[in-house]
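User: I would like to learn how to read side-chain packing from a model. Can we take it feature by feature?

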Amino acid sequence: MLEVFGRRPYLVLLGIAAFLFVMPFLPLNDYILHILTIFLIFAVFASGWNLTLGMLGLKTLGHHAFFAIGAYISAIVAYYGGVSPWLTIWIGAMTAAVAGIIIGFPILRIRSMPHVAIVTLAFAEIVRLIFSNLKEITRGELGFWGIPPFDPIQIGETTLRFGIGNAVGSYILAAVFFLAVHIALLVLLTSRTGLTFFAIRDAEAAAESLGVHLSRWKIFAFALSAGVVGLSGAIYAHYVMILTPISVAGPEMLITLLAMIIVGGVGRFFGPIYGALLLTAASELLREFGDFRMLLYGVGIIFVVFVAPQGLAALKLKQRRGTTSRT
């Protein structure tokens, strides 16, 4: 458990919450708050994916499909149905969870992990092609624009507005969802449910011999993971207010989010958060290098993986163990 959560995980999460609370009060421009908002959304995405990839040990490569489903379903219902985004994000998350159950059943019949990766990757490509070809509804690769932002909230004399042009309100909204999701995941994973996930990951046969119904638990984990990722996609849609299939379900999204999990630490609770923060910041800092940006980005990822092959969260844990052994 120490390798998954580190020492005092609730205290670490409280420290992250304090850091996030302080940010709006600092003299930061809208651009910095925008980067932090994207980081928070992607951290939720990465943590949701890490549920199956790291906590359960299923090597899936199609979770960006659930991100796209959550984003598009929420945006379509809000745009065409006139429903408030405060409600449609849950519709998007539930639709993604149902999609996770549907794709989860055939995956359970596949024992080979490379084949699981291929099937989920193919599923993501199918989802991208569906949204690309529904041009009457999504406008395809031209982009689905006009997505309504979250309705404003009145707090005393202050009105919080959301969307790409309202940096403070959007950051606060993303921070609240980030904390709520990670608190819920931490409570879940430190409970008996989390222990069952780890037992299935580490020794399927032993877990089954103790009465664990593998199929039910894997479907539950897959649905939960897809729902969390779908929720992050829905929040993203109502923040950026324009979607294209290639931007939310394309290979760049897959590579970016997978890199965040690997760099942060697969199977470690805080790993996706560290990875999302580092790579979101690095991606923006390297923009000034133009055509060399992705080259330097890739070199940076390779360097981090060589320095910390088990992720940044594992590196931090090793440092603590080294300090303890010396004392």
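User: Which residue lies over the face of W145?

Analyst: This is a predicted model. For a charge over a ring, look at the distance to the ring centre and at the direction of the ring normal. Here R139 lies over the face of W145. The distance from the ring centre is 4.1 Å.

User: How do I read a pair of aromatic rings?

Analyst: A pair of aromatic rings is described by the distance of the centres and the angle of the planes. This structure holds 23 aromatic pairs. Take F66 and F123: the ring centres are 5.6 Å apart and the planes stand at 45°, so the pair is tilted. Planes over 60 degrees apart would count as edge-to-face, and under 30 as stacked.

User: Where do F66 and F123 lie?

Analyst: F66 lies in helix 4, residues 63-81. F123 lies in helix 6, residues 113-133. The pair therefore ties together parts that are 57 residues apart in sequence. Both F66 and F123 are buried.

User: What is the geometry of F66 and F222?

Analyst: The F66 and F222 ring centres are 6.0 Å apart, with the planes at 85°, so this pair is edge-to-face. F222 belongs to helix 11, residues 214-240, while F66 is in helix 4, so the pair ties together parts 156 residues apart in sequence.

User: Are F66 and F222 buried or exposed?

Analyst: The cut-off for buried is under 20% relative accessible area. F66 has 1%, so F66 is buried. F222 is at 2% relative accessibility and also counts as buried.

User: Which residues form one aromatic cluster?

Analyst: F42, F45, W49, F67 and Y236 do. Not counting residues up to four places away in sequence, Y236 touches I38, I41, F42, F67, M241, L243 and V248.

User: Which residues touch the most other members of the largest nonpolar core?

Analyst: A nonpolar core joins buried nonpolar residues through their side-chain atoms. The largest one here has 99 residues. F42, F66, F178, Y236 and L243 touch the most other members. Helix 3, residues 30-55, gives the most to this core, with 15 residues.

User: M241 came up among the contacts of Y236. Where is M241 found?

Analyst: M241 is in the loop between helix 11 and strand 4, residues 242-243. Its relative accessibility is 22%, so M241 counts as partly exposed. Leaving out residues up to four places away in sequence, M241 touches F144, W145, G146, I147, P149, G163, I164 and Y236. Take G146 from that list. M241 and G146 are 95 residues apart in sequence, yet their C-alpha atoms are 6.3 Å apart in space.

User: What share of the contacts with a separation of 6 or more joins residues 24 or more positions apart?

Analyst: The share is 76%.

Notes
Residues are numbered from 1 along each chain as its sequence is written. This is a predicted model: local features need pLDDT of at least 70, side-chain atom pairs count only at pLDDT 80 or more; totals for chains, interfaces and linings use all residues. Side-chain values use heavy atoms; hydrogens and water are left out. Rings of Phe, Tyr and Trp (its six-membered ring) pair if their centres lie within 6.5 Å; planes under 30 degrees apart count as stacked, over 60 as edge-to-face and the rest as tilted. Helices (H or I, at least four residues) and strands (E, at least two) are DSSP runs, numbered from the N terminus. Buried means under 20% relative accessible area, exposed over 50%, partly exposed in between (1.4 Å probe, protein chains only). A charge sits over a ring if NZ of Lys or CZ of Arg is within 6 Å of the ring centre and within 35 degrees of the ring normal. Contact means heavy atoms within 4.5 Å. A nonpolar core is a set of buried Ala, Val, Leu, Ile, Met, Phe, Trp, Tyr and Cys residues joined through side-chain atoms within 4.5 Å.
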